[in-house]
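Work through the exercises below with the sequence and the structure at hand. Each task is followed by a solution in steps.

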Amino acid sequence: MMGVEEEKSEGEGKVWSLCRMPKLWQMSSGNGNGSSSSSSSSMGNNNVYQQTPSSERSAVTSSNAFFSMAKSLLPARRRLRLDPSNKLYFPYEPGKQVRSAIDIKNTSKSHVAFKFQTTAPKSCYMRPPEGILGPGESLIATVFKFVEPPENNEKPMEKKSRVKFKIMSLKVKGETDYVPELFEEQKDEVTVEQILLVVFLDPERSCPALEKLKRQLAEAEAALESRKKPQEETGPRIVGEGLVIDEWKERRERYLAKQQVEGVAPT
């Protein structure tokens, strides 16, 4: 019982010291025990005052560490929608360079830079390998890969590729021009959108994945050809140093040229 009472009194002393009792209350005991308890309480208060800054700092540090850990555990917010979502389909043609395609769409409300990476840069490449998409904008990227012939007695369609592709994204301000340094300068803000695995398809056997691949490749080729064509001029044509040739002036020049050919002097 004595041990329990001692522990209880000691615990009460700690409670009072944490509550920061005023000195007037501590001095009102009147006997020696009161003065000793008062002095021990004041010592406890001093310890509390001395330890408070360090304890607060440790609490802030642990809190920051907790939120950092929680943030790392949360799934990254996706900025791009990929189709296919996690695979790249290639027709299996050993000894040839084959193509795959993936539709990339910016689903965010800001401009987003994207970048391809692969574990086999010598045998694979992407077109385009990087770029910037505006809000709601999309494109179909073409992926090229050389297919190694099967080894030993390995069956063709059982061959598995260890090649992987990674698509990363980065939020950028406005209509920023893409430069390779973007992802290095802001690497803390880069999001890994997806790791893409390679899946081979039998080109002789029709399946939904193969038909979809053919459609995407055709769309990618059409988009590439349209970008190669010069854009039609919709406004006044600028010639030389700021000289604007409008439609009426062109008509006047054609009329004068026609008159000279016919030998009629212009009026």
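**Exercise 1: the sheet**

Task: state how β5 and strand β7 (residues 138-146) pair, and over how many bridges.

Solution. β5 and β7 pair in the antiparallel sense, over four bridges. Strands here are DSSP runs of E with at least two residues, and helices are runs of H or I with at least four, numbered from the N terminus. Two strands count as paired if DSSP finds at least two bridges between them. One of the bridges can be checked at M126, whose partner in β7 is V143.

The model is predicted: local features need pLDDT of at least 70, side-chain atom pairs count only at pLDDT 80 or more, and totals for chains, interfaces and linings use all residues. Residues are numbered from 1 along each chain as its sequence is written, and side-chain values use heavy atoms, with hydrogens and water left out.

Task: find the strand order of the open sheet.

Solution. Begin with β1 and β3, which run antiparallel and are joined by four bridges; L82 has I104 in β3 as its bridge partner. Next, nine bridges join β3 to β7, again antiparallel, and Q97 stands opposite F146 in β7. The edge strands, each pairing on one side only, are β1 (80-83) and β5 (124-127). From one strand to the next, the twist averages 25°.

Task: which strands does helix α5 (residues 208-228) touch?

Solution. Helix α5 packs on the sheet and touches β1, β3 (97-106), β5 and β7, where contact means heavy atoms within 4.5 Å. The direction of α5 makes about 75° with that of β3. Axes are lines fitted to C-alpha atoms, for helices over the stretch in contact, and angles run from 0 to 180 degrees between N-to-C directions.

**Exercise 2: salt bridges**

Task: which residue forms a salt bridge with R127?

Solution. A salt bridge is a side-chain nitrogen of Lys or Arg within 4 Å of a carboxyl oxygen of Asp or Glu. R127 pairs with E221, with the closest N and O atoms 3.2 Å apart. This pair links R127 in strand β5 to E221 in helix α5, 94 residues apart. The side chains of R99 and E221 also meet in a salt bridge, at 3.0 Å, N to O. R99 lies in strand β3 and E221 in helix α5, so this pair ties together parts 122 residues apart in sequence. Shared partners join R99, R127 and E221 into one network.
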